[in-house]
Amino acid sequence: MSYRPYHLPLSLLVFLPLVSGHGYVAQVAIDGKDYYGNLPNANPVPSIVRQINDVAPVKGANNTYLNCGQDAQLASLVANANPASQLQFWWKGGDGSNWPHNIGPIMTYMAQCVNTTCDQYNSTNAEWFKIEETGLQPGDMVWYQQNIMNGGPANVTLPPTLAPGQYLVRHEIIALHLATEMGGAEFYPSCTQVNILGNQAGVAPASAEVTFPGGYSDDDPGIYDPTVFDTPVQYTFPGPPVVSFAAPVSNTSSPTSSNSSSTTGTSAPSSTASGSGGGNQCRVSTAQAAFAVHARHPRGVSRVMRRWWGSLTSSS
């Protein structure tokens, strides 16, 4: 399975600095079956990924959008998965380019959709348990997030003994390039709706569960990190520990795309992402000069790019 790219014409390259600075989950694969996420702030199509309305990061550990992302909306589909299913999350920049950041952890949580199906579940009070966390590659110099910046997916294995039922999978990147200052961390959570099959019995104890917001504090080690650029990096993951019944540890971020065959679960999106919140400009350090980030016009770019996308898809 590999991500299906979208190529921008030269006439639109002028707009790239306005929309490429941050990003979102563009595609999820479950055991090789592809499901496309909705582009932020676009007209939604059926998906298993809850749509956000802005490619800008969630800022602040007490932000209500820390739950599932910027103004995340219920998705209309729920995908079947099995214990130990292999999930791939394809993160993209706001313009469809590669993910723009490379410093910080990747973590994945799950929460059961209580008393309803996940397409109807309000996750405000969801109780989340952590199933994986990945930070630095061997040598403690390079983050696994770099592999996502290089165009690869984040790979996650579901717990092999997870009890059946409907769950949200909260996959999150925390970008730490501004985390040397309090409140500088950038949170990128995304929620995917799955139905776990089987007859297993693995459940998280209450002591391993957190809410979002509530699971982090702005001064937690690993969120406020004045020494994040010191090498070798010494890093402490925020949040609860990984549950005891999680899958064995493996590299969560592949450096290259998978070439395995896949079956499309949902169709590709039909518009181009834009930032509607006009978020703050990232101040990029010398060490991060490889990915400059700029402020975005709230909606004008979205209209222009939607008109272009409509003409492209109608001619294909």
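The model is a predicted one. It holds 2 cavities of 30 Å³ or more, and the count of disulfides comes to 2. When the bonded cysteines of the chain are numbered in sequence order, their pairing reads 1-4, 2-3.

**Cavities**

- The largest cavity has a volume of about 120 Å³, and among the 17 residues that line this cavity, Tyr24, Val25, Ile52, Pro189 and Ser190 are the closest to its centre.
- Two or more residues of the lining come from each of the elements β1 (23–30) and β10 (186–196), with β10 giving the most, namely 4 residues.
- Sorted by class, the lining of the largest cavity comprises 10 nonpolar, 6 polar and 1 charged residues.

**The disulfide of Cys68 and Cys191**

- Cys68 and Cys191 form a disulfide in which the sulfur atoms lie 2.0 Å apart, and the link is left-handed, with -85 degrees about the S-S bond.
- This pair links distant parts of the chain, since Cys68 sits in the loop between β3 (58–59) and β4 (79–81) while Cys191 belongs to strand β10, 123 residues apart.
- Cys68 counts as buried because its relative accessibility is 4%, which falls under the 20% cut-off, and Cys191 is likewise buried, with a relative accessible area of 0%.

**The disulfide of Cys113 and Cys118**

- A disulfide joins Cys113 to Cys118, with an S to S distance of 1.9 Å, and this link is right-handed, with 100 degrees about the S-S bond.
- Both Cys113 and Cys118 are buried.

Methods:
Residues are numbered from 1 along each chain as its sequence is written. This is a predicted model: local features need pLDDT of at least 70, side-chain atom pairs count only at pLDDT 80 or more; totals for chains, interfaces and linings use all residues. Side-chain values use heavy atoms; hydrogens and water are left out. On a 1 Å grid over the protein atoms alone, a cavity is a set of points where a 1.4 Å probe fits but cannot get out, and a pocket is an open set with protein on both sides within 12 Å along at least five of seven lines; lining residues have an atom within 4 Å of a point. Grid points are joined across faces, edges and corners, and a volume is the space filled by probe spheres set on the points. Ala, Val, Leu, Ile, Met, Phe, Trp, Tyr, Cys and Pro count as nonpolar, Asp, Glu, Lys and Arg as charged, and the others, Gly among them, as polar. A disulfide is a pair of cysteine sulfur atoms within 2.5 Å. Buried means under 20% relative accessible area, exposed over 50%, partly exposed in between (1.4 Å probe, protein chains only).
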